[in-house]
Amino acid sequence: MKQIIATNNAPGAIGPYSQAVEANGFIFSSGQLPVDPATGNFAGTTIEEQTRQSLRNVKAVLEAAGSSMDKVLKTTVFLSDMNNFAAMNGIYAEFFSEGAYPARSAVQVARLPKDALVEIEAVAVK
């Protein structure tokens, strides 16, 4: 049985999808853009600012599902430019416990919604 996860502490879906779905103790988040839920705007123009906001949004969605960043099993990071990898990686490391990092894929894509620099999705356990 699946349960839809929704929170006002992260940006609402901009299409026919849910912020996250829980099934059998697993939480699957949709990709989180660097949108500040309070303003509806990007939380900055740099990869560092945008990565930080995307991860704040992932954290808010997981917390709404009764999980946390420490329970993330896998993330996928979508970058508009792989040249931003090192800067993204520096911010990313701040959100996870050293020695207990989740599995991760990072790929460059042709374009992200709203021309974001980064989008991040996660799979976690409850």
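Tutor: We begin with a definition: a residue is buried when its relative accessible area is under 20%, exposed when it is over 50%, and partly exposed in between (1.4 Å probe, protein chains only). The model is predicted: local features need pLDDT of at least 70, side-chain atom pairs count only at pLDDT 80 or more, and totals for chains, interfaces and linings use all residues. Residues are numbered from 1 along each chain as its sequence is written, and side-chain values use heavy atoms, leaving out hydrogens and water.

Student: What percentage of the 126 residues in the chain is buried?

Tutor: Accessible areas come from the Shrake-Rupley method with a 1.4 Å probe, and for residues only the protein chains shown count as cover. By this method the chain exposes about 6500 Å², of which carbon and sulfur atoms supply 51%. Of the 126 residues, the share that is buried is 40%.

Student: Which pattern does the chain follow along the sequence?

Tutor: Helices (H or I, at least four residues) and strands (E, at least two) are DSSP runs, numbered from the N terminus. The chain holds six strands and two helices. Read in sequence order, their pattern is β-β-β-α-β-α-β-β.

Student: What is the radius of gyration of the chain?

Tutor: This quantity is taken over C-alpha atoms, and the globule rule gives 2.2 Å times the number of residues to the power 0.38. For 126 residues the rule gives 14 Å, and the value for the chain is close to that, so the chain is as compact as a globular protein of that length. Along the principal axes, the C-alpha atoms fill a box of roughly 40 × 35 × 25 Å. The radius of gyration is 13 Å.

Student: How far does helix α1 reach from its first C-alpha to its last?

Tutor: The expected span of a helix is 1.5 Å times one less than its number of residues. Helix α1 covers residues 47–64, which is 18 residues, and its expected span is 26 Å. Just after α1, G66 takes a positive phi of about 85°. The reach of α1 is close to the expected span, at 26 Å.

Student: Which elements do the buried residues of α1 pack against?

Tutor: The buried residues of α1 include I47, L55, V58 and L62. Contact means heavy atoms within 4.5 Å. The buried residues of α1 pack against β1, β2, β3, β4, α2 and β6.

Student: Is T75 buried or exposed?

Tutor: T75 lies in strand β4. Leaving aside residues up to four places away in sequence, T75 touches several residues, among them Y92, F96, P102 and A122. Because its relative accessibility is 1%, T75 counts as buried.

Student: How many salt bridges does a search of the whole structure find?

Tutor: Side chains of opposite charge can pair when their charged atoms come close. A salt bridge is a side-chain nitrogen of Lys or Arg within 4 Å of a carboxyl oxygen of Asp or Glu. In the whole structure, the number found is four.

Student: With which residue does E22 form a salt bridge?

Tutor: The closest N and O atoms of this pair are 3.3 Å apart, and the partner of E22 is K126. The pair links distant parts of the chain, 104 residues apart, with E22 in strand β2 and its partner in the segment after β6. E22 counts as buried because its relative accessibility is 11%.

Student: How far apart are the closest N and O atoms of R52 and E94?

Tutor: R52 counts as partly exposed because its relative accessibility is 24%. E94, at 52%, therefore counts as exposed. In the salt bridge between R52 and E94, the closest N and O atoms are apart by 3.2 Å.

Student: What is the area of the nonpolar surface patch made by F26, F28 and L73?

Tutor: Patches are made of residues with over 30% relative accessible area and no salt bridge; like charges are joined within 9 Å, and nonpolar side chains (Val, Leu, Ile, Met, Phe, Trp, Tyr) within 5 Å. L73, in strand β4, counts as partly exposed because its relative accessibility is 39%. The patch made by F26, F28 and L73 has an area of about 260 Å².
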